[in-house]
Amino acid sequence: RGNGMTQTVYFGTYTRRDSKGIYKADFNSNKGTLENLTLVAEEPSPTYLAFDKAGHLYSVGAKDGQGGIAAFDQTGQLLNHVVEEGAPLCYVAVDEERDLVYGANYHKGQVLVYKRLADGKLELADSASHQGQGPHANQASAHVHYADLTPDQYLITCDLGTDEVTTYDIAEDGKITPLDTYKCAAGAGARHIVFHHHYKIAYLICELNSTIEVLIYDGVGHFEHLQTVSTLPEDFEGANGTAAIRLSADGKFLYGSNRGHDSLAVYKILADGSLELIQIVPTNGQNPRDFNITPDQYHIIAVHQDSDNATIFKRDAESGKLTEISHDFYVPEAVCVTFK
């Protein structure tokens, strides 16, 4: 916002070392620079953020040793917490039409639904607990990592613990009923999913085997496997876990982040929706858990959980390829990048 050159960027963080909560900064799209890091709200480890259209901010939150979700007004003032025993959420999303907010709880293997009240506050409407496990050491129990809407307005979850993508029907009051489940490769660790804007295709990023599964989506929760691509160079030997996945607004390019290899993988989307790897670019930081394409599509900002820096890339809209501009803007323990 502002004069068209400056965009406000919001950062979710862990607060284990230096961070105090939710931050924002100004991104100058003409110069490709970040400046003016400002604390928006103090909150314990607000690792994921989502805005509604009215400007309320919803984040992963905690209070009195309990975990859940926090709601803030347009100025960053706390509206309320909805918390329970145990760990906080790891993902939040807004359903504008139904006045609902969705949450994923990794540690508890839960999907949660909150009613958004007129003043922006939240109250719990429903939750569902997943059961199961997978072959990988990180899959001893269910680990829901994502809960958001499909293009046909169902609720969908990615479960990193059970290798499942589950779709739910949503009633008016926020009560959810499971409809269908897609099983990804055993031990893959389904983490996040994005849907193509005009192809009947979804892209599922899998954390534990460093892949993206390309899925044909024909609605009402039904997926069929089309392709699996790696996010890593063929000769990479070390440990790696993928994190975020983003689609360009024109639907021509897809991006995913690697933690370990510490890079972004860039794919061209072909005519059938399948992927062709065109670039793997280092992020010059440790543990790029999240990144996002700027609203004008000409830059990507990646943030690092362990090295406390944001890296800015110029994005070629024609080729989809990235060129680093800088990697020295300080943001402490950042794990989420979003725009209002």
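Predicted model: local features only at pLDDT ≥ 70, side-chain atom pairs only at ≥ 80, totals over all residues.

Reader: Why is the link between Arg 17 and Asp 308 called a salt bridge?

Author: The rule asks for a side-chain nitrogen of Lys or Arg within 4 Å of a carboxyl oxygen of Asp or Glu. Arg 17 and Asp 308 meet at 2.9 Å, N to O, so the pair passes under that rule. The two sit 291 residues apart: Arg 17 in the loop between strand 1 (6-13) and strand 2 (21-28), and Asp 308 in the loop between strand 25 (299-303) and strand 26 (309-315). Strands here are DSSP runs of E, at least two residues, numbered from the N terminus.

Reader: What makes Asp 308 buried and Arg 17 partly exposed?

Author: Buried means under 20% relative accessible area, exposed means over 50%, and partly exposed is in between (1.4 Å probe, protein chains only). Asp 308 has 11%, so it is buried. Arg 17 has 42%, so it counts as partly exposed.

Reader: How do you know that Glu 84 and Lys 108 form a salt bridge?

Author: Their closest N and O atoms are 3.8 Å apart, so the pair still falls within the limit. Glu 84 belongs to strand 7 (residues 78-84), while Lys 108 is in the loop between strand 9 (100-105) and strand 10 (110-116). Glu 84, at 33%, is partly exposed, and so is Lys 108, at 29%.

Reader: How many salt bridges are there by this rule?

Author: The count comes to 11. Among them is Lys 183 with Glu 164, at 3.6 Å. There is also a network of salt bridges linking Asp 52, Glu 96, Asp 99 and Arg 116.

Reader: What does the side chain of Asp 262 reach?

Author: The backbone nitrogen of Gly 260, at 3.0 Å. Setting aside neighbours within four places in sequence, Asp 262 is also in contact (heavy atoms within 4.5 Å) with residues including Pro 282, Thr 283 and Asn 287.

Reader: What makes strand 13 largely enclosed?

Author: In strand 13 (residues 155-159), 5 of the 5 residues are buried, so the rest of the structure largely encloses it. Leu 155, Thr 157 and Asp 159 are buried on one side, and Ile 156 and Cys 158 on the other.

Reader: How do you know that strand 12 and strand 13 pair?

Author: Two strands pair if DSSP finds at least two bridges between them. Strand 12 (residues 144-149) and strand 13 have 5, in the antiparallel sense, so they qualify. Ala 147 stands opposite Thr 157 there. Strand 13 is also joined to strand 14 by 5 bridges, again antiparallel, with Asp 159 opposite Glu 164.

Methods
Residues numbered from 1 in each chain as written. Heavy atoms only, no water. Polar contact = N/O pair within 3.5 Å; in protein donor to acceptor, adjacent residues only side chain to side chain. Helix = DSSP H or I, 4+ residues; strand = E, 2+ residues; numbered from the N terminus.
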